[in-house]
Amino acid sequence: MKHIRILSAQDISCFGQCSLTVALPILSSLGIETSILPTAILSTHTSGFSGFTFRDLKDDLPAIAEHWKSVGVDFDAVYTGYLGHEKDVNAVLDIALSHLNKGPLIVDPAFGDQGKLYGGFDMDYVASMRPLCARAEVLLPNLTEACFLLGIPFNPNPNEKEIDAILQGLLAFGAKNIILKGIGDSPSKTGFVFYNGSEKKAYQHQRILKDFHGTGDVFASVFVGGYLRGLSIFDAGRLAADFTFDCIVNTIDDPAHPYGVHFEPLLYGLEGKLRAALGE
Ligand code: PXL
């Protein structure tokens, strides 16, 4: 197996399972060396907790990048998630477009869900995310993020024509491949639609009518691992959707665990699923 080293730029939420504390174990389990660019440190994530601390690291990012350049570090891909501040987004875009990055940029916008922005984000943040999303080889928005990026009203149940308009709009931005998440053709189904301008393909599975935090990060991390290991974008999305579903099923009966999903017990089987999808 070819060695793959990537950079993931996201916050560190010290407690709660999201961002880097999810990306690192998942990507490691898929055999991918993952360097990190922590853009902010929070005591917890922002969903379901109040009074959390938030230290933005935007001022540190350019110097980190300069040091990497001076020692000759580079990456096979850059994967971005929740960043935190407009200046973080700009610094991450500079890195993704510099010679530090030899491969694709994969962007999970990670700024909202269920029709709303996550606490602390505003339209300026959304505007700052547009240039990053525009340079993505693969963009992984949920429906909420797609609507904010396009500046259109959020409709939780878009029809096919509306979905097509969203996909076209995101492509017109500049992103090359879209995985639009949170789409199902009935209330009991959810999944994603893949679109690259010439091919459109949907995948869906049973929808669990309870929302869990951090599932977008689980999805994105499995997607990145699967895609960089050689799956097509659609098949990497399918691996990610199935694994995320399994994590939710594995958590649903635990009332003491509302802040994330129990993905750890399922990691041991993930690489096997990737190998099977690769036909190995
Ligand atoms: O899972 C996305 C995410 C990441 N990081 C922080 C968050 C959220 C979603 O709310 O608050 C800090």
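Predicted model: local features only at pLDDT ≥ 70, side-chain atom pairs only at ≥ 80, totals over all residues.
Since 13 of its 14 residues are buried, α7 is largely enclosed by the rest of the structure. Beyond its end follows Gly 230, a residue with a positive phi near 125°.

The contact involves Val 22, Ala 23, Ile 26 and Leu 27 on the side of α1, and Asp 217, Val 218, Ser 221, Val 222, Val 224 and Gly 225 on the side of α7. By class, these residues comprise 7 nonpolar, 2 polar and 1 charged. The crossing of α1 past α7 is right-handed. An α-helix has 3.6 residues a turn, so residues three or four places apart point the same way.

A further contact of α7 is formed with helix α8, residues 233–249. Here the axes come within 8 Å and cross at roughly 140°, which makes α7 oblique to α8. The crossing is again described as right-handed. From α7, the residues Thr 215, Val 218, Phe 219, Val 222, Phe 223, Gly 226 and Tyr 227 take part. They meet Ile 233, Ala 236, Gly 237, Leu 239, Ala 240, Ala 241, Phe 243, Thr 244, Cys 247 and Ile 248 of α8. The contact of α7 with α8 contains 13 nonpolar and 4 polar residues, and no charged residues. Val 218 and Val 222 of α7 take part in the contact with α1 and also in that with α8.

Thr 44 belongs to strand β2, residues 32–44, and counts as buried because its relative accessibility is 12%. Apart from neighbours within four places in sequence, Thr 44 is in contact with Ser 13, Phe 15, Phe 49 and Phe 52. Ala 175 is located in the loop between α6 (160–173) and β9 (177–181); at 2% relative accessibility, this residue likewise counts as buried. When residues up to four places away in sequence are not counted, Ala 175 touches Cys 133, Ala 134, Ala 136, Leu 139 and Leu 170. Of these, Ala 136 is 39 residues from Ala 175 in sequence, yet their C-alpha atoms are 4.9 Å apart.

Asp 122 lies in the loop between β7 (116–117) and α4 (123–134) and counts as partly exposed, at 37% relative accessibility. Its C-alpha atom is separated by 10.0 Å from that of His 85, a residue 37 positions away along the chain.

Positive phi values also occur in residues other than glycine. Ala 110 has a phi near 45° and lies in the loop between β5 (105–107) and β6 (112–113). With a relative accessible area of 7%, Ala 110 is buried. Gln 114, in the loop between β6 and β7, has a phi near 50°. In contrast to the buried Ala 110, Gln 114 is partly exposed, with a relative accessible area of 48%.

Conventions:
Residues numbered from 1 in each chain as written. Heavy atoms only, no water. Left-handed = near helix turned anticlockwise from the far one by under 90°. Helix = DSSP H or I, 4+ residues; strand = E, 2+ residues; numbered from the N terminus. Contact = heavy atoms within 4.5 Å. Nonpolar A, V, L, I, M, F, W, Y, C, P; charged D, E, K, R; others polar. Buried < 20%, exposed > 50% of the residue type's maximum accessible area, 1.4 Å probe, protein only. Axes fitted to C-alpha atoms, helices over the stretch in contact; angles between N-to-C directions. Parallel < 35°, antiparallel > 145°, perpendicular 65-115°, else oblique.
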